Amino acid sequence: MGTKSEKFKQIVMIVSLSLLIVSPLIIHPIITAKLEERNVYQDALLALEKPDYVVALRSFEKIADYKDSRKKRDEIYVKIGKLVPEMIEKEMFYEGYYLDEYIEILLKVPKYEKQAEEMKEAATLAEAKHLNKVRGKLSVTVPYEGMSESDIRFSSWGEPTEINKEVNYDSLRDDRRVKHYKWVEKDELGRTRTIKTLMVKQGAVWGEPVVSRYYQNN
């Protein structure tokens, strides 16, 4: 029968072995989480250098308590607050410029909410003014190869008489989907005078538009 000292040693040994088995199970997830935080932080810094404020901000928000993430996030708010008025002045309303995204970001921050509301109103008015100017130019522009499909109806040709899709259009690949736009102009007697056509592929005029003129006998 073992002494108390031997029993104590056995208990210590069992506990130690248990800790050796359990410790990796506890420590590994902690290390993994820390590494993930570091990677997200590095990605945020890279996005900030580009600069891609939307991506950087999204990353810093994921690790709000890591290093100086909160400070970096506040710095981005300041930069966006200065950038938005410049973008409005330069009429940067198109997709890819992040103007709407920047305003929405600031609207969610109490400190900038009022300022963002004013920016949003200014952007809406400026964009409407810009759109009228663009459409004014389009109204005297003949459709051309590469013109955006959304601009066709505002061109000098106006609304098309009909738009037809290629056979099995929906089952085709994007790069093979073709739409056929057609304008039929008639004289006062209802006789066909001119037929204008163009094709649209992947959101833009594909090839040169065609104008066919017809002459009727009296």
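Visitor: Where does Ile163 lie?
Guide: Ile163 is in strand β1, residues 162-165. Keep in mind that this is a predicted model.

Visitor: Is Ile163 buried, exposed or partly exposed?
Guide: Ile163 counts as partly exposed, because its relative accessibility is 44%.

Visitor: What is Ile163 in contact with, sequence neighbours aside?
Guide: Leaving aside neighbours within four places in sequence, Ile163 contacts Lys179, His180 and Tyr181.

Visitor: And how far apart are the C-alpha atoms of Ile163 and Lys182?
Guide: They are separated by 6.3 Å. Along the chain, Ile163 and Lys182 are 19 residues apart.

Visitor: Switching to the core. Which members of the largest nonpolar core touch the most other members?
Guide: Ile76, Ile80, Val84 and Leu99 do. That core has 30 residues.

Visitor: Which elements give two or more residues to this core?
Guide: Five helices are named: α1 (4-49), α2 (53-62), α3 (69-89), α4 (99-107) and α5 (113-138).

Visitor: Take Ile76. What is in contact with Ile76, beyond four places in sequence?
Guide: Leu48, Tyr53, Ala56, Leu57 and Phe60.

Visitor: What does the second, separate core include?
Guide: Leu138, Met147, Ile152 and Trp157 are among its members. This second core has 10 residues.

Visitor: Aromatics next. How many aromatic pairs does the structure hold?
Guide: Seven. One of them is Tyr41 with Tyr66, an edge-to-face pair. Their centres are 5.4 Å apart, with 65° between the planes.

Visitor: Which parts of the chain does that pair link?
Guide: Distant ones. Tyr41 is in helix α1, and Tyr66 is in the loop between α2 and α3. The two are 25 residues apart.

Visitor: Is Tyr41 buried or exposed?
Guide: Tyr41 counts as buried, because its relative accessibility is 7%. Tyr66 also counts as buried, at 14%.

Visitor: Why is the pair of Tyr77 and Tyr112 tilted?
Guide: The planes of Tyr77 and Tyr112 are at 55°, so the pair is tilted. The ring centres are 6.1 Å apart.

Visitor: Where do Tyr77 and Tyr112 sit?
Guide: Tyr77 is in helix α3. Tyr112 is in the loop between α4 and α5. This pair, too, links distant parts of the chain, 35 residues apart.

Visitor: Buried or exposed, for Tyr77?
Guide: Tyr77 is buried, with a relative accessible area of 9%. Tyr112 is buried as well, with 10%.

Visitor: Which residues form one aromatic cluster with Tyr41?
Guide: Phe60 and Tyr66. Phe60 is also one of the contacts of Ile76.

Visitor: What about charges over rings? Which ring does the charged end of Arg177 sit over?
Guide: The ring of Tyr169, 5.5 Å from its centre. Likewise, the charged end of Lys201 sits over the ring of Trp206, 4.2 Å from its centre.

Visitor: Now backbone. Is the peptide bond from Lys50 to Pro51 cis or trans?
Guide: The bond is cis, with omega near -5°. Pro51 is in the loop between α1 and α2.

Visitor: Last topic, pockets. What volume does the largest pocket have?
Guide: About 290 Å³.

Visitor: Which residues line the largest pocket?
Guide: Phe93, Tyr94, Glu127, His130, Leu131, Val134, Arg135, Leu138, Ser148, Ser150, Asp151 and Phe154. Leu138 is also a member of the second core.

Visitor: Which elements give two or more residues to that lining?
Guide: α5 and α6 (149-152). The largest share, six residues, comes from α5.

Notes. Residues are numbered from 1 along each chain as its sequence is written. This is a predicted model: local features need pLDDT of at least 70, side-chain atom pairs count only at pLDDT 80 or more; totals for chains, interfaces and linings use all residues. Side-chain values use heavy atoms; hydrogens and water are left out. A nonpolar core is a set of buried Ala, Val, Leu, Ile, Met, Phe, Trp, Tyr and Cys residues joined through side-chain atoms within 4.5 Å. Buried means under 20% relative accessible area, exposed over 50%, partly exposed in between (1.4 Å probe, protein chains only). Helices (H or I, at least four residues) and strands (E, at least two) are DSSP runs, numbered from the N terminus. Contact means heavy atoms within 4.5 Å. Rings of Phe, Tyr and Trp (its six-membered ring) pair if their centres lie within 6.5 Å; planes under 30 degrees apart count as stacked, over 60 as edge-to-face and the rest as tilted. A charge sits over a ring if NZ of Lys or CZ of Arg is within 6 Å of the ring centre and within 35 degrees of the ring normal. On a 1 Å grid over the protein atoms alone, a cavity is a set of points where a 1.4 Å probe fits but cannot get out, and a pocket is an open set with protein on both sides within 12 Å along at least five of seven lines; lining residues have an atom within 4 Å of a point. Grid points are joined across faces, edges and corners, and a volume is the space filled by probe spheres set on the points.
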